[in-house]
Amino acid sequence: MKNALIILAGIICCLYISPAQPPNDLTGLKICIDPGHGGFNPCNDRRIDPNPGSGNIFWESEGNFRKALWLKPLLEARGATVFITRTTNDSTTVYPDHPTNCNADPNEPSLSARWQFANANNVHWFHSIHSNATGGTNTSTNYTMVLLKENISTRQPAFPAAVDMSSMIYNNIRAINRTGSSGGNIAGKPGVYLDYTFYGGPSGGYNLGVLSGLIMPGELSEGSFHDYYPETRRLLNNDYRKGEAYGLYNGFVEYYGIPFDTLGIICGTQKSGSTPINNIVVRLLPPNKVYNGDTYNNGYFFFDSLAPGNYKVLFETGGYPLDTVNVVLTATTKSVSSSVPQHTATNVSRSQNIVINFLKPMDTTSVKNAFSILPATSGTFVWNNDRTSLTFTPSAPLLYYANYTVTLAGYGETRQPIVFVDNKTVTSNLSTANFVINFQTEQLPPYLILTQPKEGDTAFAVTKQIGLKFSLSMDTASVRSAISFIPSVSGTFGWSQNNTTLLITPTGGLAYNTNYTVTVSAAAKSIYGASIDANRDSIPGDPFILTFRTQSNPNFVERENGIPAVYSLYQNYPNPFNPQTSIDFSIPQTGFVSLKVYDNLGREVASLVHAIVQAGTYTASWDASAFASGIYFYKLSSEKFTDIKRMVLLK
């Protein structure tokens, strides 16, 4: 038995999360988790010995890797599909005593490979797990922060949705692992930082490499400072890492507006005075689980998957007095039952009212005071008779294609009831989450921002494609059915990758010297369902009309007026010739015509006509300056006629 004057301090953190929805709340959601630095490589890893001589070495790569391995099944249990950027934390060679040796881990993906992996798998969200450091040792700093990608040109978040997610991750990590707070550089979002500003101040610095190429929202969390020795020792405990994984997981759960898990956590630290104890033995009744602590000087214990109810925590560590602390794990409550629009909704009408439904009658004044909407929008509040449903009606239509955030401060679920027990003094703190709706309004109606040819062109090349560039990604099937040509044109339709640019390749080319009208009717819609707006007055439904004229044929001219009765190919003149000759032909009906020249081996040497030609009689010219003397053949082809004649080039 140790000295009886030694004081036993049991610090207990109790977490309970609200009643669950059906198990697959995140079904359809694809998430990419990046475990940060890897491989025990001293050049991109962090090696810390918080207890010299103990052999308990901390590597940042291992801590973050284990957090990711805890987080993945938590998300998958709720139906999410989870991708992970690296599945090992090994190196071919370990250099603990040679920090300047930079042999790379062959399994370590580059920063660009990580975001490319996320993009290639078309995930909905990306998260990179890290821990922070001051660059020194045994710092007194220990707080949580989350960094997100900044648009360098606008100095705004590249993905506005990542701001709220980052804030929720920050709050949830702190609630479970009791880390310190940080200021942030986004107004109203403590702990959340834009990376370009963070790394360069007013003049800016750089985007984090692992976030730089993302095409979906993402962020990088620094859960705590691994060079703060008390935190270093806790991070050596794999269950403490699991606590941070729960914080990350709860951030996703809260962001997507689904209830927290039904099972809770009791965790804490056993100390002698202010010194954590090694090899602790802590028993939880019920269900009579025993936690055997480690030798990393953290005194940490952890119980999870606990139903609500009354528990006893028994400290049975050898050499110390037995002690018992009673803990009540209480199911959390929820204020809001549903909303319109739903969280993460897109293509929300600009005339949409905000409706929030509650589980019980509410104090209307407190709810109104807790309500906020960004971008700032004025409006009126109307309650139903029993004060369980609030409708906010904006005084003007919402902005086009804007990301809105509606918040009821303190009216979400009771996120995590936390109970701290120190020297048998129990302090409870029920942390209530905000109720948040993030939604995106409908886009502006699409319109044509560029055409090929330009309106009124009088010499458009018959071999060119017709191009239409829209302001938004389009529903390709609706555009195809909405386009008409006068005179009629058949051809192939090709779209750019994001379906904003359409290229039409006419079969056989356009007709020479012809007036064309291209009409895109109101049936053409964007991928968000808005009809085309040719007048660009923000009112959909105006058809777009393009008129142009094709070029005159440079190779032949119409010889006489009138429509011939039959197809004819005449003998060239002069013949023999040097070096130029003329060829007459007659076409009785408009259609595709080809007039080509071949040498005596049957090889094509010139194409004089290859286009849709209107009925008439024409003269084509061939300049043979570049060809040798000899016998040549010319061939006229159409859908209904073919003829070949012989000519002689004599130099």
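1. Of the contacts in the chain with a separation of 6 or more, 70% are accounted for by residues 24 or more positions apart, a contact being heavy atoms within 4.5 Å. The model is a predicted one, in which local features need pLDDT of at least 70 and side-chain atom pairs count only at pLDDT 80 or more, while totals for chains, interfaces and linings use all residues. Residues are numbered from 1 along each chain as its sequence is written, and side-chain values use heavy atoms, with hydrogens and water left out.

2. The secondary structure comprises 8 helices and 43 strands; these are DSSP runs numbered from the N terminus, with helices being H or I of at least four residues and strands E of at least two. The chain has 651 residues, of which 49% count as buried, that is, under 20% relative accessible area with a 1.4 Å probe and protein chains only (exposed is over 50%, partly exposed in between).

3. Helix 1 (residues 60–76) packs with helix 6 (residues 238–255) at an angle of about 50°, and their axes are 8 Å apart. Axes here are lines fitted to C-alpha atoms, for helices over the stretch in contact, and angles run from 0 to 180 degrees between N-to-C directions. The two helices are therefore oblique to each other, since angles under 35 degrees count as roughly parallel, over 145 as roughly antiparallel, 65 to 115 as roughly perpendicular and the rest as oblique.

4. On the side of helix 1, the residues making this contact include Trp 70, Leu 71, Leu 74 and Leu 75; on the side of helix 6, they include Tyr 246, Leu 248, Tyr 249 and Phe 252. The residues of the contact comprise 9 nonpolar, 2 polar and 7 charged. In this division Ala, Val, Leu, Ile, Met, Phe, Trp, Tyr, Cys and Pro are nonpolar, Asp, Glu, Lys and Arg charged, and the others, Gly among them, polar.

5. Aromatic pairs number 28, where rings of Phe, Tyr and Trp (its six-membered ring) pair if their centres lie within 6.5 Å; planes under 30 degrees apart are stacked, over 60 edge-to-face and the rest tilted. The ring centres of Trp 125 and Tyr 255 are 5.1 Å apart and the planes stand at 55°, so this pair is tilted. Because Trp 125 lies in strand 6 (residues 125–132) and Tyr 255 in helix 6, the pair ties together parts 130 residues apart in sequence. Both Trp 125 and Tyr 255 are buried.

6. Ser 167 belongs to helix 3 (residues 161–177). Its relative accessible area is 11%, so Ser 167 is buried.
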